[in-house]
Amino acid sequence: MQPSNLCTCEEVPRGPLGLLNSNERVARVVVNPSHIAKKGGLKPGLFPPSHIKTAGLSLVRVDLISLEELKKLGNAIASVVPVGKDGAQPKLAGFVTCLVESLRKEVSTDADHRTLCVHDDPTEAENDLPENPAHAIAVGTLVHDDSEIERIRLRMIDLFTPLMQAENVYL
Amino acid sequence: MASALLQTHPYHDQGAPSLYVWESVTNPKTQSALAPARFNLGYVGAISALIALTNPANAATTRIEQPHLIESSALRVHKSHVLPTQFLEAQNEMASFGSLPPGWDGPGSVTPVRTAIGDALAFLRLLPASAPSPEATASADGSVGWYWRTPKAAISITFRSASKMAYYGEHRDFDAARGVVDFDRHSIPGDLFDVIRFA
């Protein structure tokens with residue numbers, strides 16, 4: 001796939017919210033605070049290699065849902081996390097966001113092809129999670145070499161915003 | 001057996017990546033045999049035991065009925081395999097990932113793979129004291145790794161099951177280091193070593 005082209009997977013909508021626009025934002029839900037580096041900033045662990053490579057990295061189309069819906073979704077995800085040794089339910093760490101365009105502009109080291117597809121991926125209600133029509137994924141355009149996945153993870157740290165709370169996503 | 005700093009790539013034929021080899025402190029098989037005793041040596045000992053116990057190559061050779069070896073090797077670990085103090089925090093955080101429960105990072109997340117944690121801890125012990133300390137990182141898919149971000153470099157290394165290590169490192173003074181290798185717990189690819197050492 002050439003850098004300027006959309007992939008065919010990005011040209012077919014899968015849910016009622018339609019295709020992702022390159023100028024809309026997607027968010028990654030940060031469940032565990034261990035993904036934040038001691039000096040601030042994100043760690044690569046927020047972006048699991050196998051999700052980027054094949055399974056798809058879960059994202060939320062924050063510009064198409066309300067603050068309340070984002071909070072509800074985040075809290076639902078956090079509620080799945082087992083209680084800690086103190087018996088308390090861990091709280092959601094927050095959210096990081098990124099322009100779809102930034103992810104779609106990511107190209108291979110030789111600038112020969114795009115490295116990530118980003119498309120909508122609405123999900124049904126499952127276990128304790130509500131349905132999420134605003135779900136999207138980013139996934140490798142090819143079966144990348146694992147070292148390329150590491151490079152992409154480093155790039156994602158640069159492309160996503162610092163951690164913020166839901167209210168700040170909509171400022 | 002003292003740790004001796006590096007011989008520059010003794011293996012450099014037929015296009016193989018150059019390797020820096022740091023002399024191992026103890027025989028891995030002996031380490032494995034002595035693993036339970038090291039828990040008596042406190043947290044450092046427990047980390048050593050975790051490294052040994054999670055090494056698949058040692059799994060079939062575990063023997064714990066030789067107390068004379070237990071004593072001598074445990075002491076050797078303390079004398080010659082002291083982790084630089086700036087790495088202790090990273091080491092402890094990495095070791096703590098083993099107690100994360102399933103679901104720790106949301107739906108579908110799994111406990112980090114124990115052998116991967118052992119590989120990551122063994123890797124840390126191969127670094128020279130002059131290297132900056134990395135951040136420990138864990139992912140929902142069970143992988144773990146080390147991460148550096150400095151004004152000069154950005155480096156990510158991931159360990160998964162089957163002793164595989166994938167890495168990518170950028171440095172303003174070097175070509176990018178990248179590769180996927182079988183990690184033997186005794187050596188670091190030369191290009192990766194350089195970007196870490198001068199990060």
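Two strands count as paired if DSSP finds at least two bridges between them; helices (H or I, at least four residues) and strands (E, at least two) are DSSP runs, numbered from the N terminus. This is a predicted model, where local features need pLDDT of at least 70, side-chain atom pairs count only at pLDDT 80 or more, and totals for chains, interfaces and linings use all residues. Residues are numbered from 1 along each chain as its sequence is written, chains are lettered from A in the order in which they are written, and side-chain values use heavy atoms, leaving out hydrogens and water.

**View 1. Strands β1(A) and β3(A) side by side.** The two run antiparallel, joined over 6 bridges. Look for A:V29, which sits opposite A:F95 of β3(A). Since 5 of the 6 residues of β3(A) are buried, this strand is largely enclosed by the rest of the structure (buried means under 20% relative accessible area, 1.4 Å probe, protein chains only).

**View 2. Helix α2(A) and its cover.** Buried here are A:L70, A:L73, A:G74, A:A76, A:I77 and A:A78. Among the elements covering them are β1, β2, β3 and α5 of chain A, judged by contact (heavy atoms within 4.5 Å).

**View 3. Where chain A meets chain B.** The contact draws 32 residues from chain A and 31 residues from chain B. A:K38, A:E150 and A:L154 supply 22% of the area chain A buries against chain B, more than any other three residues (buried area is the accessible area, 1.4 Å probe, that two parts lose on being put together, summed over both).

**View 4. A salt bridge across the interface.** B:E93 pairs up with A:K43, with the closest N and O atoms 3.1 Å apart. A salt bridge needs a side-chain nitrogen of Lys or Arg within 4 Å of a carboxyl oxygen of Asp or Glu, and the count between chains A and B is 6.

Notes
Buried means under 20% relative accessible area, exposed over 50%, partly exposed in between (1.4 Å probe, protein chains only).
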